[in-house]
Amino acid sequence: MIEIIPSTIFMIIGFLLSLYACVSNDAIQTLGTFLNTTKERPVWQIWLYVSLVMIITFVSGWIINDGDMAFGRLDRIPHAQAFYWWHILPPLILLYLTRKGIPVATAFLIISIFSAPKVIGLMVAKSFVGYVIALISSMILYFFIARSVEKIFLYMKNKPISKPWVVAKWLSTAFLWSAWLLQDGAVLFVYLPRQLNLWQMILSLSIFAGLLYILCYRRGGEIQNIVKLKTNTQDPRSATIIDCVYAAILIYFQTVNNIPMSTTWVFLGVLAGREIALYNRLRFITEKKVYKHLIKDLTKAIVGLVVSIAVVFILNNHKEIIDTLMHYVSLH
């Protein structure tokens, strides 16, 4: 009993911190453009909508998958037999990096501490492939629609948006939000048992909904700046297309295998491909400014990856590292 109580406490703290960190860092990838384009709407309306989509998605998965909230993404990552103080460090580090505006891949930082090296390697590989596919797909699409679609949106950005486009934006947000939840359920629930009972499911989703209210009230956070700096992302029509492209790629990788991946890298790939295509077709700003933002985003993502892997390595091998240091000190 003495070991079970602290382990349970660390598990609960880890879950709460992980959930909050994911909402602060990753959720903005899917809800960022929605928050940008609904500034005139009351906070409670935005919160109610995204919370309902979240609840419907996870409750459906809970029923279909016999209590599994991660949609099979944690099949290769068993639930920890015991939790210790170092298990709560990854989400704390993630929160710090998020406040600095660094788009950290939460899958690497949080899930990796529970994963075998082989699984970590597969996650990194899948995420890198996701970035490349997102970059190329987005670049090709926007190369063809830049002048016929996006150019018109740019010229009409100060005019009222028709109701069909407003409806389309809300629907595309639901599509993307649900697709992201399917993929990132592994990160959100990695601290919890792989099958949850009814009350555990209700409590976890209630906490999630509460954190979503904070996100909606703040209209994003530091990571939101990555969205704001991109071309015309505050236009609901442009944002709708971004959502659909991003969601389609996430759904595709959902069918490839059950290895978790970084949705952050896919998100950055979509935005990068879009910016490159729009610049080459429309020449809306200088080349230097375009690639400056893209290189800055990619650099931050790489820094986040390196930090994540370094933190996971240290935490997973901290005993050996301490023993080695103590042995080295004793020799002197």
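The backbone oxygen of Gly 72 lies 3.5 Å from a polar atom of the Asn 258 side chain. The model is a predicted one, in which local features need pLDDT of at least 70 and side-chain atom pairs count only at pLDDT 80 or more, while totals for chains, interfaces and linings use all residues. Residues are numbered from 1 along each chain as its sequence is written, and side-chain values use heavy atoms, with hydrogens and water left out.

Asn 258 is placed in the loop between α10 (236-256) and α11 (263-282). Leaving aside residues up to four places away in sequence, Asn 258 touches Gly 72, Arg 73, Asp 75 and Arg 76, where contact means heavy atoms within 4.5 Å. Leu 74 is 184 residues from Asn 258 in sequence, yet their C-alpha atoms are 7.7 Å apart. With a relative accessible area of 22%, Asn 258 is partly exposed, a class lying between buried (under 20%) and exposed (over 50%), for a 1.4 Å probe and protein chains only.

Elsewhere, helix α2 (residues 27-37) packs with helix α3 (residues 43-64) at an angle of about 150°, their axes being 12 Å apart. The two helices are therefore roughly antiparallel, a term for angles over 145 degrees. Leu 31, Phe 34 and Leu 35 of α2 meet Ile 46, Tyr 49 and Val 50 of α3. By class, this contact has 6 nonpolar, no polar and no charged residues.

Terms used:
Axes fitted to C-alpha atoms, helices over the stretch in contact; angles between N-to-C directions. Helix = DSSP H or I, 4+ residues; strand = E, 2+ residues; numbered from the N terminus. Parallel < 35°, antiparallel > 145°, perpendicular 65-115°, else oblique. Nonpolar A, V, L, I, M, F, W, Y, C, P; charged D, E, K, R; others polar. Polar contact = N/O pair within 3.5 Å; in protein donor to acceptor, adjacent residues only side chain to side chain.
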